[in-house]
Amino acid sequence: MSKVKYYYDSETLSYRKIERKKRKTFKYILLFLSASALFGFFFVFIASQYFESPKEKALNRELQNLKLNFELLNKKFDEAEAVLSSVEDRDNNIYRHYFEANPIPEEQRKAGFGGVNRYKEYQGYDNSKLIIESNKRIDKLQKRIVVQSKSLDEIAILAAEKEKLLAAIPAIQPVRNEDLTRMASGYGMRTDPFTKARKMHWGMDFTAPRGTPVYAAGDGVVKRADASASGYGKHIRIDHGFGYMSLYAHLYKYNVRKNQKIKRGDLIGFVGSTGRSEAPHLHYEVFKDEQRINPINFYYGSLTAEEFNTLLEHASLENQSLD
């Protein structure tokens, strides 16, 4: 039973019962509820600033984990870009330079993507800028990898051609050192053995006994093996490709036939003294783009540095040739 409250009325000098009006009661209740709600709001606001809910804690842990993974991803990006930059540098300054190919411009390797907005779907989020920059970085890296992959494909083709070139160049001495009597004459102005006049000697003369083996200086195809050229007697011409041709003259006999494919070091004939020759020897010439060049520049495949220096010294002497 609710307590009845009274108040003293000084005018009537008596106690009168306190009667609470419903409207006033409702007002008090409304005021109490408003104050409680306001207090609760401030409490929740302050608590949210200084205390985390279990859900917020879980979300924060997940966010920290994502940030850590993103940092690790960035480090991997840095490492991948550093490795790719190193490959690109070697590609431009070593591989392409060695195979005589133009380097790939930097702007072509690292060009972006024009046209429509490729990253529109990533806009409108809290971390849109971060997401867009990461995707741009991935796309540029992928493009650089594609460009480098195509470049290496080109280098592989050039390497195969270079390998053929290196095998084709007449790079060994056609008569072995142990079979030589001496290096009789080199490339340049020499005394003609028949007229005694000075004239250009277009090859190198290797003195050796009749029947001494003669070897192909490089890979190629035999274009001639006959005695129909004036002065050369029995001779062989080998087309090495890439503009190179070698000639072996004054042979005793052949060991190859026309159109035969041969490899460097194959036995192709034997030393003789046919044609315009004073004594048994091999007259050897090298052509590049149909122009005679000094064969002394091509013996890197069979001689040591000391042997080459000795050969160079003998070939430089202006003496009498044997043809």
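**The annotated domain and its loops**

Analyst: UniProt, in an unreviewed entry, lists residues 200–295 as "domain: M23ase beta-sheet core". The model here is predicted. In it, the span 200–295 is 53% strand and 0% helix. Its end C-alpha atoms lie 14 Å apart.

Take Thr212. This residue sits in the loop between strand S6 (204–207) and strand S7 (213–215). Thr212 counts as buried because its relative accessibility is 7%, and the cut-off for buried is under 20%. The Thr212 side chain reaches the backbone oxygen of Pro209 at 2.7 Å. Leaving out residues up to four places away in sequence, Thr212 touches Val175, Asp179, Gly269, Phe270 and Val271.

Next, His250. Its place is the loop between strand S10 (244–249) and strand S11 (251–254). Phi of His250 is near 65°, a positive value in a residue other than glycine. Most residues other than glycine have a negative phi. His250 has 1% relative accessibility, so it counts as buried.

Asp289 also has a positive phi, about 55°, and is not a glycine. Asp289 lies in the loop between strand S14 (281–288) and strand S15 (291–293). What is its exposure? Asp289 is partly exposed, because its relative accessible area is 49% and the cut-off for exposed is over 50%.

Now the rest of the chain. The unreviewed UniProt entry also carries the annotation "coiled-coil region" for residues 56–90. In the model, residues 56–90 are 100% helix and 0% strand. The end C-alpha atoms of that stretch are 51 Å apart.

Then the largest pocket. Its volume is about 240 Å³. Helix H2 (54–98) and helix H4 (128–168) each supply at least two residues of its lining. H2 gives the most, with five residues. The lining consists of Leu63, Leu66, Lys67, Phe70, Leu73, Asn127, Leu130, Ile131 and Ser134. By class, six of these are nonpolar, two are polar and one is charged.

Note on methods
Residues are numbered from 1 along each chain as its sequence is written. This is a predicted model: local features need pLDDT of at least 70, side-chain atom pairs count only at pLDDT 80 or more; totals for chains, interfaces and linings use all residues. Side-chain values use heavy atoms; hydrogens and water are left out. On a 1 Å grid over the protein atoms alone, a cavity is a set of points where a 1.4 Å probe fits but cannot get out, and a pocket is an open set with protein on both sides within 12 Å along at least five of seven lines; lining residues have an atom within 4 Å of a point. Grid points are joined across faces, edges and corners, and a volume is the space filled by probe spheres set on the points. Helices (H or I, at least four residues) and strands (E, at least two) are DSSP runs, numbered from the N terminus. Ala, Val, Leu, Ile, Met, Phe, Trp, Tyr, Cys and Pro count as nonpolar, Asp, Glu, Lys and Arg as charged, and the others, Gly among them, as polar. Buried means under 20% relative accessible area, exposed over 50%, partly exposed in between (1.4 Å probe, protein chains only). A polar contact is a pair of N or O atoms within 3.5 Å; within protein, one must be able to donate a hydrogen and the other to accept it, and residues adjacent in sequence count only if both atoms are side-chain atoms. Contact means heavy atoms within 4.5 Å. UniProt positions are given in the numbering used here, feature names are shortened, and annotations may be inferred rather than shown by experiment.
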